[in-house]
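Here are some exercises to work through with the model open in your viewer. Try each task before reading its solution.

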Amino acid sequence: MKNDEYYMHLAIEEAKKAEEIGEVPIGAIIVHHDEVIARAHNLRERDQRSIAHAELLAIDEACKKLGTWRLEQATLYVTLEPCAMCAGAIVLSRIKRVVFGASDPKGGCAGTLMNLLQEKRFNHQAEVVSGVLAEQCGRMLSDFFRRLRQRKKEEKNSFYSN
Ligand SMILES: [Zn+2]
């Protein structure tokens, strides 16, 4: 059986695909009985869809693949802590386990701002493992935003010098 770090590396590979096309680098995969059944990355900018988060796209793909909306035996790996929307989808699709990398101080709903994945008043709670390859997952994001700020600064400078 492969471990959480192995699968998180696959989620990181997905995040890199997002980065290559200028998206915020966030990747997710879903594993079912030791088999990867879905891979996805953030496509919000490309699609101009606020819901095109890696987790939602992966959940959709997994449901299609298994022919059911119930993902009771599945583990979702994602490089960044799920937001409220994705945590909601995780609960509604009954995902068994969620493993995430970096925490999200601005939107994390798997323990940081709140914990929707383990909210007792819902009819489903997921197991949560946090901080797997957190540094690597977080660094991808901070590097991305640093480069973005740098590019904006350069554009501004060239605008004023023209
Ligand atoms: Zn999300």
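A salt bridge is a side-chain nitrogen of Lys or Arg within 4 Å of a carboxyl oxygen of Asp or Glu. By this rule the count comes to 11 salt bridges. Please keep in mind that the model is predicted.

**Exercise 1. Salt bridges**

Task: Find the salt-bridge partners of Glu 45, Arg 49 and Glu 72, and decide how accessible the residues of each pair are.

Solution: 
- Step 1. Begin with Glu 45, which pairs with Arg 44; their closest N and O atoms are 3.9 Å apart. That falls inside the limit, because a salt bridge needs the nitrogen within 4 Å of the oxygen.
- Step 2. Move on to Arg 49, whose side chain meets that of Asp 47 at 3.7 Å, N to O. Arg 49 is partly exposed at 35%, and Asp 47 is partly exposed at 27%.
- Step 3. Finish with Glu 72, which bridges to Arg 70 with the closest N and O atoms 3.5 Å apart. Glu 72 has a relative accessible area of 38% and is partly exposed; Arg 70 is likewise partly exposed, at 38%.
- Step 4. Look for a network as well: salt bridges link Asp 4, Arg 97 and Glu 127.

**Exercise 2. Helix α1**

Task: Compare the span of α1 with the expected one, then list its buried residues.

Solution: 
- Step 1. Helix α1 runs over residues 4-20 and has 17 residues.
- Step 2. From first C-alpha to last, α1 reaches 25 Å, close to the 24 Å expected at 1.5 Å a residue.
- Step 3. Buried means under 20% relative accessible area. In α1 this picks out Asp 4, Tyr 7, Met 8, Leu 10, Ala 11, Ile 12, Glu 14, Ala 15 and Ala 18. Asp 4 is also a member of the salt-bridge network with Arg 97 and Glu 127.
- Step 4. After α1 comes Gly 22, which has a positive phi near 80 degrees.

**Exercise 3. Aromatic pairs**

Task: How are the rings of Tyr 6 and Tyr 7 arranged, and how are those of Phe 144 and Phe 145 arranged?

Solution: 
- Step 1. The whole structure holds three aromatic pairs. In one of them, Tyr 6 and Tyr 7, the ring centres are 5.2 Å apart and the planes stand at 80 degrees, so the pair is edge-to-face.
- Step 2. Tyr 6 is partly exposed at 37%, whereas Tyr 7 is buried at 3%.
- Step 3. Phe 144 and Phe 145 have ring centres 5.3 Å apart and planes at 80 degrees, so this pair is edge-to-face. Phe 144 is buried at 7%, while Phe 145 is partly exposed at 34%.

**Exercise 4. The largest pocket**

Task: Describe the volume and lining of the largest pocket.

Solution: 
- Step 1. Sorted by class, the lining has 10 nonpolar, four polar and five charged residues.
- Step 2. Helices α3 (54-66) and α5 (134-161) each supply at least two of the lining residues.

Note on methods. Residues numbered from 1 in each chain as written. Predicted model: local features only at pLDDT ≥ 70, side-chain atom pairs only at ≥ 80, totals over all residues. Heavy atoms only, no water. 1 Å grid on protein atoms, 1.4 Å probe; cavity = no way out; pocket = protein on both sides within 12 Å on 5 of 7 lines; lining within 4 Å. Points joined across faces, edges and corners; volume = space filled by probe spheres on them. Helix = DSSP H or I, 4+ residues; strand = E, 2+ residues; numbered from the N terminus. Nonpolar A, V, L, I, M, F, W, Y, C, P; charged D, E, K, R; others polar. Expected span 1.5 Å × (residues − 1). Buried < 20%, exposed > 50% of the residue type's maximum accessible area, 1.4 Å probe, protein only. Phe/Tyr/Trp six-rings, centres within 6.5 Å; stacked < 30°, edge-to-face > 60°.
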